[in-house]
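Colleague: Could you take me through how to read a few features of a model, giving the general idea each time and then the case at hand?

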Amino acid sequence: MYFPMKLIDTAVLETTLSEFSRARNWEPFHTPRNLILALTGEVGELAEIFQWLGEEEAVRIMHGDAAEHVRQEVADVFLYLMRLAMVLGIDLNAAVRDKIALNAQKYPALKP
């Protein structure tokens, strides 16, 4: 089953990340292992913000003082994931489209 959807064009972001990394000579350090470890660390920083919150506090977090911190950590996670995909040669648009289609088959929508 094909699941039609429009995805974001990641080409501009990929170019920006490549130029950013190249300008700082970070490319030798952007190995899959290092990027996975960095990604894990950033996910940990995001989780730390929510660690001791109750469910209601967590739902309201973007309306409080921690909103900008959450926003920055989510961006860090996304950027490391994007960079990892780039280094591994994964087309994220295709991977996401294919995964959603697979999930649509695996978990069919409930019938009314």
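The dialogue below takes up salt bridges, a helix and a surface patch in turn.

Modeller: Before we start, note that this is a predicted model, in which local features need pLDDT of at least 70 and side-chain atom pairs count only at pLDDT 80 or more, while totals for chains, interfaces and linings use all residues. Residues are numbered from 1 along each chain as its sequence is written, and side-chain values use heavy atoms, with hydrogens and water left out.

Colleague: How many salt bridges does a search of the whole structure find?

Modeller: Side chains of opposite charge can pair when their charged atoms come close. The criterion here is a side-chain nitrogen of Lys or Arg within 4 Å of a carboxyl oxygen of Asp or Glu, and the search over the whole structure returns 5 such salt bridges. One of them joins glutamate 68 to arginine 71, with the closest N and O atoms 2.9 Å apart. These two residues lie 3 apart in helix α4 (residues 67–88), so about one helical turn separates them; helices here are DSSP runs (H or I, at least four residues), as strands are (E, at least two), numbered from the N terminus.

Colleague: Which residues do salt bridges with shared partners join into one network?

Modeller: That network consists of Arg22, Glu27 and Arg83. Within it, the side chains of glutamate 27 and arginine 22 meet at 3.4 Å, N to O. Another salt bridge in the model pairs glutamate 56 with arginine 60, where the closest N and O atoms are 3.7 Å apart.

Colleague: Which residues of α1 are buried, and on which side do they lie?

Modeller: The length of a helix can be checked against its expected span, which is 1.5 Å times one less than its number of residues; α1 has 13 residues and reaches 18 Å from its first C-alpha to its last, close to the expected 18 Å. Its buried residues are Leu17, Ser18 and Ser21, and they cover an arc of only 100 degrees around the axis (taken from the directions from the helix axis to the C-beta atoms), so they sit on the same side of α1. On the other side, Val12 and Ala23 are exposed, and the cover over the buried residues includes α4. Serine 18, buried at 17%, touches Glu27, Arg83 and Met86, residues up to four places away in sequence not being counted; contact means heavy atoms within 4.5 Å.

Colleague: Which residues form the nonpolar patch on the surface?

Modeller: A patch is made of residues with over 30% relative accessible area and no salt bridge, like charges being joined within 9 Å and nonpolar side chains (Val, Leu, Ile, Met, Phe, Trp, Tyr) within 5 Å. Here Ile8, Phe78 and Leu79 form one, with about 260 Å² of accessible area together, computed by the Shrake-Rupley method with a 1.4 Å probe, where for residues only the protein chains shown count as cover. Leucine 79 lies in helix α4 and is partly exposed at 31%.

Methods. Buried < 20%, exposed > 50% of the residue type's maximum accessible area, 1.4 Å probe, protein only.
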